[in-house]
Amino acid sequence: MTVITSPTRSAAPAPAGAAPAAPAPRRGSPGKRRAQLTAWGFAAPVVVYLALFYAYPLYKNIDLSLRHYTVRSFITGDAPFVGLQNFVAIIANPTFWPSMLNTAIFVFVSIVFQFAIGLALAVFFFKNFRLNGFLRALFLVPWLLPLLVSASTWSWMFNSDSGVVNSFLEAFGIGQINWLTSPQWSLTAVLIANIWIGIPFNLVIMYSGLQGISPELYEAASLDGANGWQRFWRITFPLLRPVTTITLLLGFVYTLKVFDIIWIMTRGGPATSSTTLAIWSYQLGFGSLLPDFSSAATVGNVLIIIALIFGLSYARMQRRSEA
Amino acid sequence: MQVSRKARAIGVALLTAGVAATALTGCSSAGGSASGSTPSGSYTFWDPYPQYDATSAWGKLVAQCGAQAGVTVTRTGYDTSDLTNKALLAGQQGNSPDILLVDNPVVSTLADAGILTTTGENGLSTGAIAQNILGAGVVDGKTYGVPIGANTLALYYNPKVLKAARVDPKSVTDWTTLTAALAKVKAAGKKGITFSGINTEEGSFQFLPWFWGAGADLTKLDSPQAVQALTLWTDWIKKGYAPNSVIQNTQTTSWQEFQTGNFAFSENGTWQKAAAAQMGAGVITIPAATGGAAPVPTGGEFFTLPVQKDTARYKTTAKIVECLSQGGNIVTTDNTLNYIVASQAGQQAQLKADPTLKTWVDAVGVAKARTGDNLGIKYPVISQQLWTAVQKAETGSASPSDALKAAQQAVDAKLTK
């Protein structure tokens, strides 16, 4: 260390001469300081990027939700600080609890079905059989289609009068169901579409998780006389736990913010029957002729808080299982 | 070794500075290229017609009007729904375009935000524009822009379906005769009427002719007249005169239903007239409850002049807008855009060239601006509650009177806040 630092010190006569009263660099050796600076220099692009594209928008969103913005104060920038008033108003809004409930149902039911079907298919495809790869590729199609296309297709299929779903049901003697136009069914309709779209994601991740389980375990288990059911619940499922938790967390965050499918299929309607928090936030901010940025940001922040709570509890679980 | 170390440090410093600089210039180019700094002789123009490029008739006209005023006009087309937010952001950053062509109900919002100039400030002449169409641009007695033209709603009918059901379109003069016609059509095995009752601004737009046609007022959503109008719609759905899909229909999907040829009537806009002529459909004005043409809401954009730092620009800008919005130019423009001209002289010129426009000229004559009656920025709040009430009643989750009562309460709560 000293070998390196001494020449550097002597090689920098200019600052020493210019500023004799410069004791600051004495604290750490200049080489160390310089190394640290270099390190910061390399970190700078990332730091600047994070600040610009993550921290600042987040700050702005919180700021929007803590002030009372109108279109006029949006231009002049002198919106008064109102503290948590927007949050109080949002919670008192008659749309709040229905949209919370819709969000909860939408997220919970979506994840349960996506995960169960995804896992079942992953286990199914893990066995080697003919056309396995081809079939598995087919299951990825929902993932590859642009959401606009799949959501529009679903909304055509669910059309009350001319949709294929109803004509199929009618063949079995079930009368017309107003999938998208009745408050009782609209959430179910968007749920079905969303589950279909989410299966490939779960399938792919769980499948890769299965590949990480050593086949010897299964051999040993079958020697011990374990049947298929036992092998799944005693070996596959417990060993998939790390993959499962991350899949569920990602699925949770993805589903929480689902917007396009619902917007294209029902616009959150009829009335508020399929309005989730994400839809509501959009409606407030951009859905009418008069944008209400503060309320929209407030609902957005409620979403962020929910995601944060689940993210933190995941991190905690993770730490506990590692410890 | 020293050299390489130094070089590395310098390199890092440069890199950091570069990142910081791009970040800074990124900010300053957004904030700094304020209107005043654009070289004189170049004027900016934003419109919601991205489908027209510089070689289109519209693009050429814009360039020509700029040339007449001795300047070049840089035109940018945005998506309609995008334009309001773009305009607000530009206003916030102080780099608004010289001319902004926006959807008429947005004018009062932008005026309230303080980013538009009045005709008193910019010297724009409103000429012979009909007062009812100009209404959307008037807030507190001040005019914030001029219409490019107007479109509105009417009832298209399918003569084949009506003939099979033995209904004479001329017999449809009020709500009773219309509902009777729908009953006959249904009895003949066809479908009655399709419209857009969706939970967006489009839904309010389509409901307003019936709302106003009953004599209801937007300041009182739960009036008996309003309930009467909403009951008309819900009864049609209940009786099967209108399909259940109207709850989710946009005006486009509603039109697609009409184009199947199974529907007798379709409430739709001026913009479909070419397609209607192609399928042989006729058109009548929407009847009011007790007869006569119902007041219909006006659609169409307004030329507005956003606030500039250099106020000397307004004079030239007004010249360009007058060139675009008056005289023979506007007749040609409105013909290509499927609009009705906002001045009577222009309407006469249009009628002369195409007598089939009569119904539309009549409809525009009794049309009302949604933000008119000095509602201004109250309109979006009212409209949102109105379409919510319409949705609740259509789906049967509330009776028309309960739904409208709740809507009025919500409006009161929002507007007094």
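What share of the 417 residues in chain B is buried? The figure is 48%. Keep in mind that this is a predicted model.

Let me start with chain B as a whole. Chain B holds 18 helices and 11 strands. Its C-alpha atoms fill a box of roughly 95 × 50 × 40 Å along the principal axes. Now the contacts in chain B with a separation of 6 or more. Of those, 75% join residues 24 or more positions apart.

On to the sheet. Four strands of chain B form an open sheet, and the order is β8-β9-β7-β10. The pairing is mixed. Neighbouring strands here are turned by 25 degrees against each other on average, with direction ignored.

Strand β7(B), residues 153-157, runs antiparallel to β9(B), residues 263-269, and five bridges link them. Within β9(B), B:Phe265 is the residue opposite B:Tyr157. A helix also packs on this sheet: α8(B), residues 175-187, touching β8 and β9 of chain B. The direction of α8(B) makes about 130 degrees with that of β8(B).

Next, a strand with cover on both sides.

What does β11(B) pair with? One partner is β3(B), residues 99-103, antiparallel, with four bridges. Another is β6(B), residues 146-147, also antiparallel, with two bridges. Look at B:Phe303. B:Leu101 has B:Phe303 as its bridge partner. B:Val146 has B:Phe303 as its bridge partner too.

Now the helix packing around α18(B). Start with α10(B), residues 224-239, against α18(B), residues 400-416. Their axes come within 9 Å and cross at roughly 130 degrees. On the α10(B) side, the contact uses B:Ala226, B:Val227, B:Leu230, B:Thr231 and B:Thr234. On the α18(B) side, it uses B:Pro400, B:Ser401 and B:Leu404. By class, that contact has five nonpolar residues, three polar and no charged.

The other pair is α17(B) with α18(B). These axes also come within 9 Å, and the crossing is roughly 155 degrees. That angle is over 145, so α17(B) is roughly antiparallel to α18(B). This crossing is right-handed as well. Residues from α17(B) include B:Val381, B:Ile382, B:Gln385, B:Leu386 and B:Ala389. From α18(B), among them are B:Leu404, B:Ala407, B:Val411 and B:Leu415. The classes here come to 13 nonpolar, two polar and three charged.

Two backbone points. First, A:Arg267. Its phi is positive, about 55 degrees, although A:Arg267 is not a glycine. A:Arg267 sits in the loop between α15 and α16 of chain A. Is A:Arg267 buried or exposed? It is buried, because 23 C-beta neighbours lie inside 10 Å and the cut-off is 20 or more.

Then B:Asp373. Phi is near 55 degrees here, again positive in a residue other than glycine. B:Asp373 lies in the loop between α16 and α17 of chain B. With 15 other C-beta atoms within 10 Å, B:Asp373 falls between the limits of 12 and 20, so it counts as partly exposed.

Key: Residues are numbered from 1 along each chain as its sequence is written. Chains are lettered from A and ligands numbered from 1 in the order in which they are written. This is a predicted model: local features need pLDDT of at least 70, side-chain atom pairs count only at pLDDT 80 or more; totals for chains, interfaces and linings use all residues. Two strands pair if DSSP finds at least two bridges between them. Axes are lines fitted to C-alpha atoms, for helices over the stretch in contact, and angles run from 0 to 180 degrees between N-to-C directions. Two residues are in contact if their C-beta atoms, placed from the backbone, lie within 7 Å. Ala, Val, Leu, Ile, Met, Phe, Trp, Tyr, Cys and Pro count as nonpolar, Asp, Glu, Lys and Arg as charged, and the others, Gly among them, as polar. Angles under 35 degrees count as roughly parallel, over 145 as roughly antiparallel, 65 to 115 as roughly perpendicular and the rest as oblique. A crossing is left-handed if the near helix is turned anticlockwise from the far one by less than a right angle, and right-handed if clockwise.
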